[in-house]
Amino acid sequence: MKLFLFLLFVLAVSAGNRRPAKSRNQNLIKRLACTNKQFTCKNGQCVDIEWVCDTVHDCDDFSDEVNCPTDCSHPNQLKCANGQCTSRDFICDGSNDCGDLSDEKDCEHFACPDGELKCSNFLCIESYWKCDGYNDCGNGWDEQGCTTTGK
Ligand SMILES: [Ca+2]
Ligand SMILES: [Ca+2]
């Protein structure tokens with residue numbers, strides 16, 4: 001059983017190297033104590049502090065989205081033009097999360113968060129995704145001019 005849990009942890013860590021899908025399967029990453037960059041869910045799970053109140057359920061018990069402002073005023077939230085709230089993480093990520101594309105407009109002026117790179121098509125990607133063998137920008141920009149062909 002312990003070996004199984006360890007394998008799960010290894011899998012979770014290696015899977016965590018890429019941006020998880022919108023559903024963010026975080027339930028595999030369980031630690032004894034959360035770091036100061038993490039939020040402790042009611043059930044003891046640890047999730048990224050920036051995922052609190054970002055409209056996505058990251059804790060299995062949904063405790064990261066409890067008692068959040070409904071007017072999108074939380075720092076982790078973005079207010080769409082249609083009034084809907086979405087996650088700040090989803091600004092200029094290439095997918096229409098607001099439903100009205102307001103999270104994907106003016107991306108040429110959007111400064112990507114620390115640790116991210118801006119592709120030539122203005123998408124923000126994790127900086128370590130450059131030259132990793134995957135076309136993360138969608139137009140191949142992050143895999144151009146690489147000395148190795150990646151994994
Ligand atoms: Ca969340
Ligand atoms: Ca988006």
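Does F62 count as buried or exposed, and how many C-beta neighbours does F62 have inside 10 Å? F62 counts as exposed because it has 12 C-beta neighbours inside 10 Å; a residue is exposed if 12 or fewer other C-beta atoms, placed from the backbone, lie within 10 Å of its own, buried if 20 or more do, and partly exposed in between.

This is a predicted model, in which local features need pLDDT of at least 70 and side-chain atom pairs count only at pLDDT 80 or more, while totals for chains, interfaces and linings use all residues. Residues are numbered from 1 along each chain as its sequence is written, and chains are lettered from A and ligands numbered from 1 in the order in which they are written.

The predictor's confidence in each residue, pLDDT, runs from 0 to 100. Its mean over the protein chain is 83, with 76% of the residues at 70 or more. Over residues 13-21 pLDDT stays under 50, and the model has 3 contacts for them beyond four places in sequence; a contact requires C-beta atoms, placed from the backbone, within 7 Å. Where pLDDT is low, the predicted coordinates should not be read in detail.

The protein chain holds 1 helix and 6 strands, in the order α-β-β-β-β-β-β along the sequence. These elements are DSSP runs numbered from the N terminus: H or I of at least four residues for helices, E of at least two for strands. Of the 151 residues, 23% count as buried.

F62 is in the loop between strand 2 and strand 3, and its phi is positive, about 70°, although it is not a glycine. T55 is found in the loop between strand 2 (46-48) and strand 3 (77-79). T55 is not a glycine either, yet has a positive phi of about 80°. Most residues other than glycine have a negative phi. T55 counts as buried because it has 20 C-beta neighbours inside 10 Å.

I91 sits in the loop between strand 4 (85-87) and strand 5 (116-118). I91 counts as buried because 20 C-beta neighbours lie inside 10 Å. Leaving out residues up to four places away in sequence, I91 touches L78, D103 and F110. I91 and L123 are 32 residues apart in sequence, and their C-alpha atoms are 9.0 Å apart.

Both I91 and L123 belong to the largest nonpolar core, which has 10 residues, including L78, F90 and W129. Such a core is a set of buried Ala, Val, Leu, Ile, Met, Phe, Trp, Tyr and Cys residues joined through C-beta atoms within 7 Å. Apart from this core lies another, of 7 residues, among them C41, V47, V52 and C59.

Technical notes
Contact = placed C-beta atoms within 7 Å.
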